[in-house]
Amino acid sequence: MASELRVNTLKDAAGNNSIATSFVAGGSAKAWSNHNMSGTTTRASLNIASYIDNSAGEHSITVTSAFSSANYCWSYGGKRASGDGTNCFDACVVRNINPTSTVTRHSVKDHDSTSDVDAEHLCVMFMGDLA
Amino acid sequence: MASLLKVDSLTGVTTAGSISVTGEGNSTTTNLQQGLAKVWVHYNGDSGHTIQDSFNVTSVADGGVGRGTVSIANDMANDDYTLQYTDSCPDTPAINGLYIHTFLTGAYSLASVNNSGSYTDGLNVCSTVFGDLA
């Protein structure tokens, strides 16, 4: 049985639902993570090497297999310890610390007070080209 | 060399649920199953939570103003999955926050809030889940 299959296009057995394998590779998330910012351990993740707790509400995330550049894409989700409207938060990459091919530094702030807060669940997903 | 493969399902040889895909740099590999979104949905938060398009979703329930619960068709293995979301907002009041209310293996709920921290309906609520299927 083949352990490596080289093919340009996938279709179902009826010949429908064609997709180029470039979309399989390009359209797959290369890293994702769910972790509690009160610590530096993962709940679940793909291709995540480590977390660094820089300060309250500010964590760096390092991927195991590097991206080909620092131009990849990320997006967020998350949950505070209490799930009502006053516990909404905003997340972004820290503006004055540029992402690298392996590390991004993320900031979470309380939406109302803009104070730094640790999210109980910080969810980040990364799309892009691997090195 | 095959240029077209017709198949209805893909299964790993060594481990059924694990297939490696070579990345764009032609050397590093990534895991096919782990990199695939397991759930995604776009629904209208202001009109009965009507699903516009979705994958692996059975329904979106209206949990009250600004709140919706997405029911997952094929459940996740646990509630540790990662979930990203975004929303568009009506002109008034502006939605400045969207957050996860609950994580469950078979559902998750999102809430949209305005500047005052009050629940308010979004227009186009989009979310995506990555993690392990049950």
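Strand β7 of chain A, which covers residues 73-79, is largely enclosed by the rest of the structure, because five of its seven residues are buried; a residue is called buried here if 20 or more other C-beta atoms lie within 10 Å of its own. This description, like everything that follows, refers to a predicted model. Along its length, β7(A) pairs in the antiparallel sense with strand β10 of chain A, residues 121-127, and seven bridges join the two. Within this pairing, W74(A) stands opposite F126(A) in β10(A).

Strand β1 of chain A, residues 9-11, pairs with β1(B) in the parallel sense over three bridges, and K11(A) has K6(B) in β1(B) as its bridge partner. Taken as a whole, the contact between the chains involves 39 residues of chain B and 45 residues of chain A. On the side of chain B that touches chain A, the elements giving two or more residues are β1, β3 (29-31), α1 (32-35), β8 (82-86), β9 (95-103) and β10 (107-114) of chain B, and β9(B) gives the most, with six residues. Sorted by class, this side of chain B has 18 nonpolar, 17 polar and four charged residues.

A last stop is L10(B), which lies in the loop between β1 (4-6) and β2 (20-22) of chain B. L10(B) counts as partly exposed because it has 13 C-beta neighbours inside 10 Å, a number that falls between the limit of 12 or fewer for exposed and that of 20 or more for buried. Although L10(B) and Q33(B) are 23 residues apart in sequence, their C-alpha atoms are 9.9 Å apart in space.

Notes. Residues are numbered from 1 along each chain as its sequence is written. Chains are lettered from A and ligands numbered from 1 in the order in which they are written. This is a predicted model: local features need pLDDT of at least 70, side-chain atom pairs count only at pLDDT 80 or more; totals for chains, interfaces and linings use all residues. Helices (H or I, at least four residues) and strands (E, at least two) are DSSP runs, numbered from the N terminus. Two residues are in contact if their C-beta atoms, placed from the backbone, lie within 7 Å. Ala, Val, Leu, Ile, Met, Phe, Trp, Tyr, Cys and Pro count as nonpolar, Asp, Glu, Lys and Arg as charged, and the others, Gly among them, as polar. Two strands pair if DSSP finds at least two bridges between them.
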